[in-house]
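Student: Please take one part of this model and go through it closely. I would like the cut-off behind each term as it comes up.

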Amino acid sequence: MAVADYGSYVFDHWSDGSTNRFHDAAAGDSLMAVYRN
């Protein structure tokens, strides 16, 4: 899974604390991308 920036919002970290844009996730994992403006 990977995230991109959106307008003025820039990826900061995943809800598990990882700061890598590319994150391995298993089926059923619940992750949230946290952005900063």
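**The aromatic cluster and its surroundings**

Tutor: Phe 11, Trp 14 and Tyr 35 make up one aromatic cluster. The model is predicted, so local features need pLDDT of at least 70 and side-chain atom pairs count only at pLDDT 80 or more, while totals for chains, interfaces and linings use all residues. Residues are numbered from 1 along each chain as its sequence is written, and side-chain values use heavy atoms, with hydrogens and water left out.

Rings of Phe, Tyr and Trp (for Trp, the six-membered ring) pair if their centres lie within 6.5 Å; planes under 30 degrees apart are stacked, those over 60 are edge-to-face, and the rest are tilted. That rule gives 2 aromatic pairs. One of them is Phe 11 with Tyr 35, an edge-to-face pair with 6.2 Å between centres and 80° between planes. The partners come from distant parts of the chain, 24 residues apart: Phe 11 is in strand β1 and Tyr 35 is in strand β2. Strands (E, at least two residues) and helices (H or I, at least four) are DSSP runs numbered from the N terminus; the protein has 2 strands and 0 helices.

Buried means under 20% relative accessible area, exposed means over 50%, and partly exposed is in between (1.4 Å probe, protein chains only). Phe 11 is buried because its relative accessible area is 6%, whereas Tyr 35 is partly exposed because its value is 33%. Buried residues are 11% of the 37 residues in the protein.

Tyr 35 also belongs to a nonpolar surface patch with Tyr 6 and Tyr 9, and the three together have about 370 Å² of accessible area. Patches take residues with over 30% relative accessible area and no salt bridge, joining nonpolar side chains (Val, Leu, Ile, Met, Phe, Trp, Tyr) within 5 Å and like charges within 9 Å. The areas are Shrake-Rupley values with a 1.4 Å probe, and for residues only the protein chains shown count as cover. Tyr 6 sits in the segment before β1 (10–14) and counts as exposed because its relative accessibility is 65%.

The term requires a side-chain nitrogen of Lys or Arg within 4 Å of a carboxyl oxygen of Asp or Glu. Arg 36 and Asp 12 meet it, with their closest N and O atoms 3.4 Å apart. This pair again links distant parts of the chain, Arg 36 in strand β2 and Asp 12 in strand β1, 24 residues apart. Both partners are partly exposed, Arg 36 at 48% relative accessibility and Asp 12 at 32%.

Leaving aside neighbours within four places in sequence, His 23 is in contact (heavy atoms within 4.5 Å) with Met 1, Trp 14, Asp 16, Ser 18 and Leu 31. Its side chain also joins that of Asp 16 through a polar contact of 2.8 Å; such a contact is a pair of N or O atoms within 3.5 Å, where within protein one must be able to donate a hydrogen and the other to accept it, and residues adjacent in sequence count only if both atoms are side-chain atoms. His 23 is classed as buried because its relative accessible area is 13%.
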